[in-house]
Number of protein chains: 2
Amino acid sequence: MRDERFADFRPELSAAQRRAPVVFLANIDPALQGAVLDQFEAPTLVACDTMNHWIESTRAPLVALLPRVDLLILNDEEARLLSGEKNVARAARRILALGPKSVLVKRGEYGAILFSAESVFAVPAYPLEEVFDPTGAGDAFAGGVIGYLTATGERTEAGLRRGIVYGSVLASFIVEDFGGQRLRTLARDDIERRYRQFVALTEF
Amino acid sequence: MRDERFADFRPELSAAQRRAPVVFLANIDPALQGAVLDQFEAPTLVACDTMNHWIESTRAPLVALLPRVDLLILNDEEARLLSGEKNVARAARRILALGPKSVLVKRGEYGAILFSAESVFAVPAYPLEEVFDPTGAGDAFAGGVIGYLTATGERTEAGLRRGIVYGSVLASFIVEDFGGQRLRTLARDDIERRYRQFVALTEF
């Protein structure tokens with residue numbers, strides 16, 4: 001079932017776009033995500049976001065898309081909805097059984113947790129004293145993860161873990177101002193400094 | 001205001017007990033916790049647990065006790081109640097201002113977070129697929145932290161962090177069976193193996 005809002009939206013990628021090594025299928029109708037993915041020649045990393053609306057109303061095309069996905073990014077509520085399991089670890093196991101190589105569950109102020117067949121990685125959110133506006137935190141998080149993997153070309157578990165920490169860094173900044181405003185003033189140094197704060201926050 | 005249930009309970013420690021280096025004031029009327037603490041000669045670590053009942057009904061003696069505490073252990077709801085702050089980082093700052101050297105906030109399935117004047121440390125809970133009974137998880141956690149610090153004599157921030165991971169290990173086992181039953185069969189090897197799993201869970 002196609003969402004009416006996207007009835008006439010059929011993105012056609014340019015030849016250069018089709019050769020991109022990294023694909024991030026942002027949150028939209030999974031049939032459209034699939035049609036976009038079809039156009040890439042040989043991506044080395046396919047990440048995918050989704051939400052409750054698609055899980056509930058377009059489940060079949062979403063499930064059909066999952067075996068083509070390396071990294072599925074969703075929040076804990078969406079993971080429960082997709083799997084029918086309340087426990088996050090069981091939910092992730094069920095979703096992995098649908099085909100994605102790894103499942104990255106966003107847990108808001110509690111951080112994020114990555115599940116794959118071989119391992120689990122958990123990172124806390126940065127404990128900020130002032131959270132101004134959480135809008136866009138999930139997108140900044142995904143953007144940070146994908147941006148790091150694109151910039152470095154890393155495809156190992158260790159690289160993915162570092163990418164998730166960079167995603168957490170980006171999300172921690174985005175909540176400090178309205179919407180995406182904070183990105184306008186954010187410098188590379190700020191990002192690296194907070195990455196080191198994540199190291200200090202978690203090392204034992 | 002003294003709770004009636006403990007009206008006649010005035011523990012008298014033996015000479016050997018008074019020389020103990022580590023004191024854990026488990027969850028009870030803070031006036032009693034203070035009267036017990038008074039009996040120790042020169043403890044090098046004083047940890048303290050509490051709960052909503054004492055925060056609400058015996059706030060003054062609890063607040064009077066806090067400057068004598070090195071490590072206050074409470075859950076996120078109790079931290080909010082004691083501080084009047086919803087945000088966990090602001091709640092912890094307010095509680096630190098009351099005098100304890102550090103505040104360890106338990107967050108159930110999301111792990112724990114330690115605040116002191118100089119640093120913050122967060123550790124996730126182990127993502128178990130089967131949680132049988134959460135009863136006693138908080139006590140096992142505190143017991144693991146204090147037990148590690150007692151056994152090793154460590155008093156550094158790094159030592160406290162390792163202790164918190166051992167506490168998290170103990171809590172992760174306790175929820176696998178009814179009440180404290182799991183402790184009957186738990187071997188040292190199991191504990192060390194899961195400690196290494198916590199390293200693998202969190203390293204990046």
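This is a predicted model: local features need pLDDT of at least 70, side-chain atom pairs count only at pLDDT 80 or more; totals for chains, interfaces and linings use all residues.
**Reading helices, strands and contacts**

Colleague: Which strands does helix α6 of chain A lie across?

Modeller: Helix α6 (residues 88-96) of chain A lies across β3 (71-75), β4, β5 and β6 of chain A, at about 45° to β5(A). Helices (H or I, at least four residues) and strands (E, at least two) are DSSP runs, numbered from the N terminus. Angles run from 0 to 180 degrees between N-to-C directions, using lines fitted to C-alpha atoms, for helices over the stretch in contact; contact means heavy atoms within 4.5 Å.

Colleague: In what order do the 6 strands of the open sheet in chain A come?

Modeller: Two strands pair if DSSP finds at least two bridges between them. Here the order is β1-β2-β3-β4-β5-β6, with mixed pairing. β1 (22-25) and β6 of chain A each have a single partner strand, so one side of each has no neighbour in the sheet. Strand β4 (residues 102-106) of chain A runs antiparallel to β5(A), joined by 5 bridges, and A:V105 stands opposite A:I113 in β5(A).

Colleague: Is A:A117 buried or exposed?

Modeller: Buried means under 20% relative accessible area, exposed over 50%, partly exposed in between (1.4 Å probe, protein chains only). A:A117, in the loop between β5 (112-116) and β6 (120-123) of chain A, has 66%, so it's exposed. Leaving aside neighbours within four places in sequence, A:A117 contacts A:R93, A:L96 and A:K101.

Colleague: And B:D190, buried or exposed?

Modeller: B:D190 sits in helix α10 (residues 188-202) of chain B and counts as buried at 18% relative accessibility. Not counting residues up to four places away in sequence, B:D190 touches B:F173, B:R182 and B:T185.

Colleague: At what angle do helices α5 and α6 of chain B pack?

Modeller: Angles under 35 degrees count as roughly parallel, over 145 as roughly antiparallel, 65 to 115 as roughly perpendicular and the rest as oblique. Helix α5 (residues 76-83) of chain B and helix α6 (residues 88-96) of chain B pack at about 60°, axes 9 Å apart, so α5(B) is oblique to α6(B). The contact uses B:A79, B:L82 and B:S83 of α5(B) plus B:A91, B:R94 and B:I95 of α6(B).

Key:
Residues are numbered from 1 along each chain as its sequence is written. Chains are lettered from A and ligands numbered from 1 in the order in which they are written. Side-chain values use heavy atoms; hydrogens and water are left out.
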